[in-house]
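Colleague: Please take a close look at one part of this model for me. I would like the contact between the two chains.

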Number of protein chains: 2
Amino acid sequence: MAPRAGIDVDTILQKAVEIIDRDGYEDLSIGKLAGALSIRPPSLYNHIGGLSELKQRLAVFGCGKLYEQMIGAAVGLSGDEAVYALSLEYVYFARQHPGLYEATFRAPDLHAPDLREAQEKVVQIVVQVLAVYKLDEETILHMVRGLRSMLHGFTSIEQTGGFGLPLNLDESFHMMIKTFLKGLPIKK
Amino acid sequence: MAPRAGIDVDTILQKAVEIIDRDGYEDLSIGKLAGALSIRPPSLYNHIGGLSELKQRLAVFGCGKLYEQMIGAAVGLSGDEAVYALSLEYVYFARQHPGLYEATFRAPDLHAPDLREAQEKVVQIVVQVLAVYKLDEETILHMVRGLRSMLHGFTSIEQTGGFGLPLNLDESFHMMIKTFLKGLPIKK
DNA sequence: TTGTAATAACTAATGTTATTAGTTATTATA
DNA sequence: TATAATAACTAATAACATTAGTTATTACAA
């Protein structure tokens, strides 16, 4: 019998991230993961409950990573600059980690508290960067939803190759954000 | 042996739509579908190539349905009214057919010509309703991408329960569209 | 209407994947 | 050092998709 491979949950998670970012979320399987870790498939169950739990963990982990990148991008900036920086980082994260980004929307349990918490932190950053605009409190929250919709929508369509026109993607993205910011219902 | 159940591809597709809209896209299986049609699982292969082909068909069919609903909503309208109507129909379609909407983004072959064609028709409607605004030709296409991002993003986040704040969803949606339209870079 | 061909239903079998149960050898710990 | 814990393994099971072949139901031609 092989000596212990020194595997733990984090090792498994990292390897899973590698696989989904390289091969796609749908390609993740217990067998593939075990092979990548040089152990037999059932051995994985010593560390994780199963494929479903792994996917849940990926979702939570992905949200946490997204949060970290976004928070880093907005430091020291405010107003439009912060919004652009934050938004760009969102898209870059998804481009760097397509599988992990997808995982954040594919959690088996969408209601799990830790997932909700991780998502809430991401929302909070968006709230913060939009809070400096002179908007009604409630309006800010509406706009947060708007911005998040744009970010996710753009990323998702981009990832599925849905922007087929011969038109610069980054420019489309920039103009979309710009248009939204220009239209914000600023109070007088 | 049972008499022929009178099943064809369309019957299968409709039943599949029922299942995914009711139980979720992930719940679709050959066994479940066969059960719902009162035939044995292998019998389905007389009509469709397999689960993958079924999913592909669902994606194409979903885009077609979305197109029909959107085109119907915009008839006789133009400008802001058309955009609002179109956008609302988009969201309503997804709410009525959550599984089918999801299927449109989950095609096994994202590059299949018929899928691309169905998607293109949806894009064309968006192009048409934005074309009446005084924008540069290229800008129109950027804005089309923007609007599509918002529609898909909003719908997707809504479907995964990601809008957790106690805030009216339709109002958020309306304000998002309003903000974007207000910010459109109209030419003087 | 009848006989034949086509085909949609079935059963049996196979392959793939996730998971469970139990064994064994490797570590951790007292 | 001995024992307990546990991570590795193997074997087995269950579920699901699919293939191959059989049989009975229809469609079609004469």
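Modeller: Glu26(B) and Arg106(A) join their side chains in a salt bridge, at 3.3 Å from N to O. A salt bridge here is a side-chain nitrogen of Lys or Arg within 4 Å of a carboxyl oxygen of Asp or Glu. The rule finds two salt bridges across the interface of chain B and chain A.

This is a predicted model: local features need pLDDT of at least 70, side-chain atom pairs count only at pLDDT 80 or more, and totals for chains, interfaces and linings use all residues. Residues are numbered from 1 along each chain as its sequence is written, chains are lettered from A in the order in which they are written, and side-chain values use heavy atoms, without hydrogens and water.

Chain B gives 39 residues to the contact, and chain A gives 39 residues. Contact means heavy atoms within 4.5 Å. About 3700 Å² is buried between the chains, with 63% from carbon and sulfur atoms. That area is the accessible area (1.4 Å probe) that two parts lose on being put together, summed over both.

Now Ser172(A). Its place is in helix H8 (residues 169-183) of chain A; helices are DSSP runs (H or I, at least four residues), numbered from the N terminus. Ser172(A) is buried, with a relative accessible area of 1%. Buried means under 20% relative accessible area (1.4 Å probe, protein chains only). Leaving out residues up to four places away in sequence, Ser172(A) touches Phe154(A), Leu167(A), His142(B) and Arg145(B).

Conventions
Helices (H or I, at least four residues) and strands (E, at least two) are DSSP runs, numbered from the N terminus. Buried means under 20% relative accessible area, exposed over 50%, partly exposed in between (1.4 Å probe, protein chains only).
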